[in-house]
Amino acid sequence: MSLKYKELLSPVKLGNVVLRNRLIATPSNPHFIQATEKWPTEALITHYANKAKAGAAIVTCKGNNPVKTTDPHSLALDIHRGEHQHMFAQVADMVHYYGAKASYLVLPDMNIVKGYDASDGVLSEFVAGDGSKAEYGKAAPKELLLQMVEAYAEEAKLAKSLGFDMCFMHMAYRLMFPGRFLSPLSNKRTDEFGGSVENRARFPLMICEAIKKACGKDFLVEISISGREDDMFEGGLTIQDQIEFAKLAAGKVDILQIRGGSIDPSQPTYLDPREIPQRENAAAIRKGIREAGIENLYIDVVGGCQDLRLCEEILEKGEADFIGGARAFIADPNWGNKAYEGRNEDVVPCLRCNKCHVAGPGNWNTVCSVNPEWGLEHKVERIVQAPTLKKKIAVIGGGPVGMEAAILAAQRGHSVTLYEKEDHLGGLLCAMDGVALKWTVTRFKDYLIRQIGKSAVKVCLKTAATPEMIQAGNFDEVIVAIGSEPLYPPIPGLTGDNVVPATRTVQEEPNMGEHVVVIGGGEIGVEMGIYLARRGHKVELIEMGDTLSPESVPVHFRSIFEKTWEAQEGFHYHLNARCVGVDPDGVRYMDGDGNEHNLPADKVLLAAGMKARQDEAMTFLDGNVRTHMIGDCLKVGCIQTGLRAAYGLVNNI
């Protein structure tokens with residue numbers, strides 16, 4: 001059988017090193033996959049091994065982290081301690097077991113340069129080894145730079161001795177010490193390490209040369225850079241600067257990974273409509289070095305790479321040589337294998353919610369919204385057993401939780417019937433159809449519907465299940481997943497004809513008039529407010545708390561969300577504003593000082609939360625058959641909590 005994605009899956013030879021395809025599992029730091037251990041535990045080893053198992057050619061393993069180890073947002077390992085090294089060797093061994101090359105992210109003790117920076121008095125994003133920021137550090141002297149060069153080379157040599165095939169050095173967005181030298185935003189030196197691109201590149205390329213000398217030419221070196229900075233920061237690196245740097249790096253660096261100009265946009269969210277934001281920058285840099293006759297430096301594009309068709313297109317057009325992904329391997333642990341099988345339509349779409357960094361504010365946990373096995377990878381073989389009996393199962397509700405439960409139950413060999421009262425599947429996810437901000441949710445909904453269509457699940461649309469119907473069906477077990485409904489707080493006038501629940505935003509938008517007041521400043525309220533503003537409405541949002549969208553993911557998401565709503569024309573909001581009444585022509589609210597205000601409104605959008613449909617769900621618990629309630633009908637949550645509940649329940653049937 002010929003491969004559908006021939007470029008993506010073609011082997012490539014870098015010197016004497018053969019890579020089986022063009023897929024790179026980039027550095028990812030699953031912050032809470034283990035506790036404070038300074039060595040890779042079974043959880044972390046399995047995480048990296050599974051990326052190789054999924055088909056990656058290179059798996060990049062992250063070691064040290066330049067932050068305080070007492071910080072909960074940290075996973076800092078110590079490869080230098082002899083008693084830890086066997087576990088690092090196991091990482092390499094397991095990656096090799098599944099046919100991939102193991103890469104180690106080199107990051108020696110940054111305490112060496114504590115208090116120093118590339119330049120004097122430049123505001124820094126650089127984090128020193130003890131967690132402190134050298135915000136206005138002093139320029140590191142040459143002897144200290146030479147010490148750092150040696151430290152990088154020694155750590156790479158140690159990684160090689162433990163079985164790693166290559167190393168990765170982080171130099172993007174001025175975050176790590178070598179990257180501080182490359183950017184004119186952080187390097188104002190006038191000596192041999194500052195000024196021209198050649199001079200600014202001198203220190204990081206000295207590190208790369210030292211690594212090659214210590215480890216040999218067949219020990220590959222990959223580094224990350226910002227494709228450009230000048231589109232975000234005046235005076236930052238340009239594409240031409242990075243092409244010039246790439247020319248200098250050839251022969252010292254094997255793979256150049258292209259990231260964004262700042263850390264948060266480099267982890268693209270659903271707020272960015274671009275599928276692969278760094279595609280254009282990667283293509284420009286690759287074109288520049290190929291036109292210069294450089295063939296031994298390869299370009300790796302990262303950030304949003306998941307659609308196999310687009311990944312193949314990038315390689316076909318010569319815009320990059322490798323496709324890098326981290327979330328792609330998390331959202332779908334079979335991503336690479338599905339590429340080999342030509343099954344792009346079966347790839348589980350990443351929501352780009354970035355909960356794989358942190359689940360939410362004050363929630364020091366790492367989750368994946370669409371992969372319920374994430375975080376349990378090392379336990380799956382133990383906790384998931386094949387069913388001993390094949391059962392007849394009814395699933396009530398065709399939303400994401402019901403569909404996930406039905407699909408998994410059918411995969412486990414059960415006979416499954418899914419009942420949905422509407423004439424379509426998707427549940428509340430259908431409310432996001434047509435909302436540009438929610439494109440990843442719509443894509444995931446469509447994916448689930450496709451999987452239902454491919455499964456053995458019997459689907460009964462336009463069928464409102466009743467306890468009597470289910471009892472007559474003689475089912476062995478019943479799963480109730482009928483979801484939630486809008487919550488109506490006890491506010492005068494809230495049930496009037498001019499009030500529209502957020503779940504009906506798209507359907508009712510054409511009739512909403514000029515002025516719309518949104519009640520509720522959670523994530524959904526803000527997103528629907530932005531949607532309406534983009535449709536030309538004048539939106540005023542009132543939130544009783546002191547923060548918009550307090551539940552938003554704080555890492556690599558919230559900053560982008562804030563910029564989105566602050567920049568949106570026609571969208572305004574009022575904090576510490578408690579709604580006290582809805583009138584036919586507007587909304588009354590009380591501010592934090594107890595003063596009442598009026599906002600004109602042709603329509604009012606209610607986004608005050610959802611209520612579990614517990615009472616209706618419990619009517620199916622009649623004692624005649626074993627019945628389970630999962631998802632929002634039991635407790636209002638999100639896609640992630642619902643899918644995890646479905647996964648846990650069905651794997652125990």
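I am working from a predicted model.

**Entry 1: the helix pair**

I looked up α1 and α2 first. Helix α1 covers residues 42–53, and helix α2 covers residues 85–97. Their axes come within 8 Å. The crossing angle is roughly 20 degrees. Angles under 35 degrees count as roughly parallel, so α1 and α2 are roughly parallel to each other. I then checked the handedness. α1 passes α2 in a right-handed crossing.

Which residues make the contact? From α1 I noted I45, Y48, A49 and A52. From α2 I noted M87, Q90, V91, M94 and V95. I sorted the contact of α1 with α2 by class. The tally is 8 nonpolar residues and 1 polar residue.

**Entry 2**

Next I turned to the strands β22, β23 and β24. I find 3 strands in an open sheet, ordered β22-β23-β24. The pairing is antiparallel. Which strands lie at the edges? They are β22, at 578–583, and β24, at 596–600. Each of these edge strands pairs on one side only.

**Entry 3: β22 against β23**

I followed one pairing in detail. Strand β23 spans residues 586–590. β22 and β23 pair in the antiparallel sense. How many bridges join them? I count 5 bridges. I then looked for the partner of R578. R578 stands opposite M590 in β23.

How values were computed:
Residues numbered from 1 in each chain as written. Predicted model: local features only at pLDDT ≥ 70, side-chain atom pairs only at ≥ 80, totals over all residues. Heavy atoms only, no water. Pairing = 2+ DSSP bridges. Helix = DSSP H or I, 4+ residues; strand = E, 2+ residues; numbered from the N terminus. Axes fitted to C-alpha atoms, helices over the stretch in contact; angles between N-to-C directions. Parallel < 35°, antiparallel > 145°, perpendicular 65-115°, else oblique. Left-handed = near helix turned anticlockwise from the far one by under 90°. Contact = heavy atoms within 4.5 Å. Nonpolar A, V, L, I, M, F, W, Y, C, P; charged D, E, K, R; others polar.
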